[in-house]
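Dear colleague,

Please find below the structure that I am handing over to you.

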Amino acid sequence: MITLNINNTLLSLLVALRDSATPLSDTEKSDLSFAAEQLAANPKAWERLIEPRLLGMIQANEALNQRFQFFKFQLENLGDKIPQNLLPTEIELEQVAPTSKTQLIARAPLQVSSSDLKSSEITNMAIRVMSTPNPSETTKKLSCFEQIQEFLNQHISGK
(Lines give C-alpha, C1' and ligand atoms only; values in the text may rest on other atoms or scores of the structure.)
Protein backbone atom coordinates (compact mmCIF):
# COMPACT_ATOMS: atom_id res chain seq x y z
CA MET A 1 0.00 0.00 0.00
CA ILE A 2 2.92 2.34 0.72
CA THR A 3 4.21 1.67 -2.80
CA LEU A 4 0.85 2.66 -4.27
CA ASN A 5 0.82 5.84 -2.17
CA ILE A 6 4.30 6.83 -3.40
CA ASN A 7 3.39 6.06 -7.01
CA ASN A 8 0.11 7.99 -6.86
CA THR A 9 1.70 10.99 -5.15
CA LEU A 10 4.68 11.18 -7.52
CA LEU A 11 2.64 10.62 -10.69
CA SER A 12 0.01 13.13 -9.53
CA LEU A 13 2.72 15.70 -8.87
CA LEU A 14 4.42 15.18 -12.23
CA VAL A 15 1.17 15.34 -14.22
CA ALA A 16 0.07 18.40 -12.19
CA LEU A 17 3.40 20.10 -12.93
CA ARG A 18 2.85 19.49 -16.63
CA ASP A 19 -0.74 20.72 -16.47
CA SER A 20 -0.17 23.79 -14.29
CA ALA A 21 0.08 27.14 -16.08
CA THR A 22 1.72 28.77 -13.04
CA PRO A 23 5.53 28.59 -13.14
CA LEU A 24 7.31 27.25 -10.07
CA SER A 25 9.22 29.65 -7.84
CA ASP A 26 12.93 29.13 -7.20
CA THR A 27 12.05 27.91 -3.70
CA GLU A 28 9.60 25.34 -5.10
CA LYS A 29 12.19 24.11 -7.61
CA SER A 30 14.69 23.82 -4.77
CA ASP A 31 12.15 21.91 -2.65
CA LEU A 32 11.55 19.45 -5.50
CA SER A 33 15.26 18.99 -6.01
CA PHE A 34 15.76 18.38 -2.29
CA ALA A 35 12.90 15.86 -2.25
CA ALA A 36 14.53 14.07 -5.20
CA GLU A 37 17.87 13.92 -3.35
CA GLN A 38 16.19 12.53 -0.24
CA LEU A 39 14.21 9.99 -2.25
CA ALA A 40 17.35 8.83 -4.06
CA ALA A 41 19.31 8.54 -0.82
CA ASN A 42 16.64 6.91 1.32
CA PRO A 43 13.28 5.93 -0.21
CA LYS A 44 12.24 4.40 3.12
CA ALA A 45 12.04 7.94 4.55
CA TRP A 46 9.04 8.65 2.28
CA GLU A 47 6.26 8.70 4.88
CA ARG A 48 8.25 10.22 7.71
CA LEU A 49 10.27 12.94 5.96
CA ILE A 50 9.85 13.26 2.22
CA GLU A 51 6.09 13.12 1.68
CA PRO A 52 5.13 15.68 4.39
CA ARG A 53 7.62 18.24 3.06
CA LEU A 54 6.59 17.61 -0.55
CA LEU A 55 2.88 17.90 0.28
CA GLY A 56 3.56 21.13 2.18
CA MET A 57 5.24 22.62 -0.89
CA ILE A 58 2.34 21.51 -3.11
CA GLN A 59 -0.33 22.86 -0.75
CA ALA A 60 1.41 26.25 -0.58
CA ASN A 61 0.95 26.63 -4.37
CA GLU A 62 -2.83 26.89 -4.85
CA ALA A 63 -2.85 26.28 -8.63
CA LEU A 64 -0.51 23.30 -8.37
CA ASN A 65 -2.41 21.90 -5.39
CA GLN A 66 -5.74 21.99 -7.25
CA ARG A 67 -4.30 20.05 -10.19
CA PHE A 68 -2.41 17.68 -7.86
CA GLN A 69 -5.55 16.87 -5.83
CA PHE A 70 -7.56 16.31 -9.01
CA PHE A 71 -5.04 13.85 -10.48
CA LYS A 72 -4.36 12.13 -7.15
CA PHE A 73 -8.09 11.47 -6.71
CA GLN A 74 -8.24 9.95 -10.21
CA LEU A 75 -5.18 7.77 -9.62
CA GLU A 76 -6.46 6.56 -6.26
CA ASN A 77 -9.72 5.47 -7.93
CA LEU A 78 -7.73 3.48 -10.48
CA GLY A 79 -5.69 1.58 -7.93
CA ASP A 80 -2.62 0.10 -9.61
CA LYS A 81 -3.99 0.13 -13.18
CA ILE A 82 -1.74 2.63 -14.99
CA PRO A 83 -0.51 0.83 -18.10
CA GLN A 84 3.25 0.33 -18.02
CA ASN A 85 3.57 1.59 -21.61
CA LEU A 86 2.52 5.09 -20.47
CA LEU A 87 5.73 5.51 -18.47
CA PRO A 88 8.69 7.06 -20.31
CA THR A 89 11.50 4.91 -21.61
CA GLU A 90 15.06 5.41 -20.40
CA ILE A 91 15.90 6.98 -23.78
CA GLU A 92 13.07 9.53 -23.47
CA LEU A 93 14.14 10.39 -19.93
CA GLU A 94 17.79 10.73 -20.92
CA GLN A 95 16.86 13.20 -23.68
CA VAL A 96 15.09 15.63 -21.33
CA ALA A 97 16.71 14.80 -17.97
CA PRO A 98 20.21 13.48 -18.59
CA THR A 99 21.99 11.88 -15.67
CA SER A 100 25.24 13.44 -14.60
CA LYS A 101 28.31 11.32 -14.02
CA THR A 102 28.09 12.00 -10.28
CA GLN A 103 24.39 11.12 -9.94
CA LEU A 104 23.48 7.94 -8.13
CA ILE A 105 22.70 5.01 -10.38
CA ALA A 106 19.11 3.88 -10.04
CA ARG A 107 18.74 0.30 -8.88
CA ALA A 108 15.84 -2.09 -8.66
CA PRO A 109 14.98 -3.49 -5.22
CA LEU A 110 16.79 -6.65 -4.14
CA GLN A 111 13.64 -8.78 -4.00
CA VAL A 112 12.02 -7.89 -7.27
CA SER A 113 8.31 -8.33 -7.74
CA SER A 114 6.46 -6.69 -10.62
CA SER A 115 4.91 -4.06 -8.32
CA ASP A 116 8.32 -3.23 -6.79
CA LEU A 117 9.88 -2.87 -10.21
CA LYS A 118 7.06 -0.58 -11.33
CA SER A 119 7.44 1.40 -8.10
CA SER A 120 11.16 1.79 -8.63
CA GLU A 121 10.57 2.88 -12.20
CA ILE A 122 8.12 5.59 -11.13
CA THR A 123 10.36 6.68 -8.24
CA ASN A 124 13.46 6.80 -10.45
CA MET A 125 11.57 8.78 -13.10
CA ALA A 126 10.31 11.25 -10.49
CA ILE A 127 13.81 11.68 -9.06
CA ARG A 128 15.18 12.44 -12.52
CA VAL A 129 12.44 14.95 -13.37
CA MET A 130 12.43 16.69 -9.98
CA SER A 131 16.23 17.02 -10.11
CA THR A 132 16.16 19.07 -13.31
CA PRO A 133 16.52 22.87 -13.12
CA ASN A 134 12.89 23.35 -14.18
CA PRO A 135 10.71 20.28 -13.45
CA SER A 136 7.57 21.88 -14.96
CA GLU A 137 9.28 22.36 -18.30
CA THR A 138 10.76 18.88 -18.15
CA THR A 139 7.31 17.33 -17.69
CA LYS A 140 6.06 19.27 -20.71
CA LYS A 141 8.86 17.75 -22.82
CA LEU A 142 7.86 14.19 -21.91
CA SER A 143 4.79 13.08 -23.84
CA CYS A 144 4.08 10.36 -21.29
CA PHE A 145 2.56 12.86 -18.84
CA GLU A 146 0.10 14.06 -21.46
CA GLN A 147 -0.74 10.42 -22.21
CA ILE A 148 -1.26 9.68 -18.51
CA GLN A 149 -3.52 12.72 -18.24
CA GLU A 150 -5.53 11.59 -21.28
CA PHE A 151 -5.75 8.06 -19.85
CA LEU A 152 -7.10 9.44 -16.56
CA ASN A 153 -9.62 11.65 -18.34
CA GLN A 154 -10.83 8.71 -20.46
CA HIS A 155 -11.16 6.55 -17.37
CA ILE A 156 -13.29 9.21 -15.63
CA SER A 157 -15.51 9.82 -18.65
CA GLY A 158 -15.87 6.07 -19.22
CA LYS A 159 -17.44 5.48 -15.81
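N7 is found in helix 1; helices (H or I, at least four residues) and strands (E, at least two) are DSSP runs, numbered from the N terminus. With a relative accessible area of 4%, N7 is buried, where buried means under 20% relative accessible area, exposed over 50% and partly exposed in between (1.4 Å probe, protein chains only). From C-alpha to C-alpha, N7 and K72 are 9.8 Å apart in space, while 65 residues separate them in sequence.

Please note that this is a predicted model, in which local features need pLDDT of at least 70 and side-chain atom pairs count only at pLDDT 80 or more, while totals for chains, interfaces and linings use all residues. Residues are numbered from 1 along each chain as its sequence is written, and side-chain values use heavy atoms, with hydrogens and water left out.

T9 is also found in helix 1, and at 0% relative accessibility it counts as buried. Leaving aside neighbours within four places in sequence, T9 is in contact (heavy atoms within 4.5 Å) with W46, E51, L55, F68 and K72.

N61 lies in the loop between helix 3 and helix 4. At 8% relative accessibility, N61 counts as buried. Its contacts, neighbours within four places in sequence left aside, are L24 and E28.

**Overall organisation**

The protein has eight helices and zero strands, so that from the N terminus on its elements run α-α-α-α-α-α-α-α. Of its 159 residues, 42% count as buried. Among contacts between residues at least 6 apart in sequence, 81% join residues at least 24 apart.

**The largest nonpolar core**

A nonpolar core is a set of buried Ala, Val, Leu, Ile, Met, Phe, Trp, Tyr and Cys residues joined through side-chain atoms within 4.5 Å. The largest one holds 41 residues, of which L10, L13, L54, M125 and I148 touch the most other members. Two or more residues each come from helix 1 (2–19), helix 2 (26–41), helix 3 (46–60), helix 4 (62–78), helix 5 (90–96), helix 6 (114–130) and helix 8 (143–157). Helix 1 gives the most to this core, with eight residues. As for I148, its contacts beyond four places in sequence are L11, V15, I82, L86 and L87.

**Helix packing**

The axes of helix 2 and helix 3 come within 10 Å and cross at roughly 165°; axes are lines fitted to C-alpha atoms, for helices over the stretch in contact, and angles run from 0 to 180 degrees between N-to-C directions. The two helices are therefore roughly antiparallel to each other, a term for angles over 145 degrees. On the helix 2 side the contact is made by E28, D31, L32, F34, A35, Q38 and L39, and on the helix 3 side by W46, I50, R53, L54 and M57. These residues divide into eight nonpolar, one polar and three charged; Ala, Val, Leu, Ile, Met, Phe, Trp, Tyr, Cys and Pro count as nonpolar, Asp, Glu, Lys and Arg as charged, and the others, Gly among them, as polar.

Helix 3 and helix 4 pack at an angle of about 115°, with their axes 5 Å apart. Helix 3 contributes L55, M57, I58, Q59 and A60 to the contact, and helix 4 contributes E62, L64, N65 and F68. By class, this contact has six nonpolar, two polar and one charged residues.

Yours sincerely

Key
Parallel < 35°, antiparallel > 145°, perpendicular 65-115°, else oblique.
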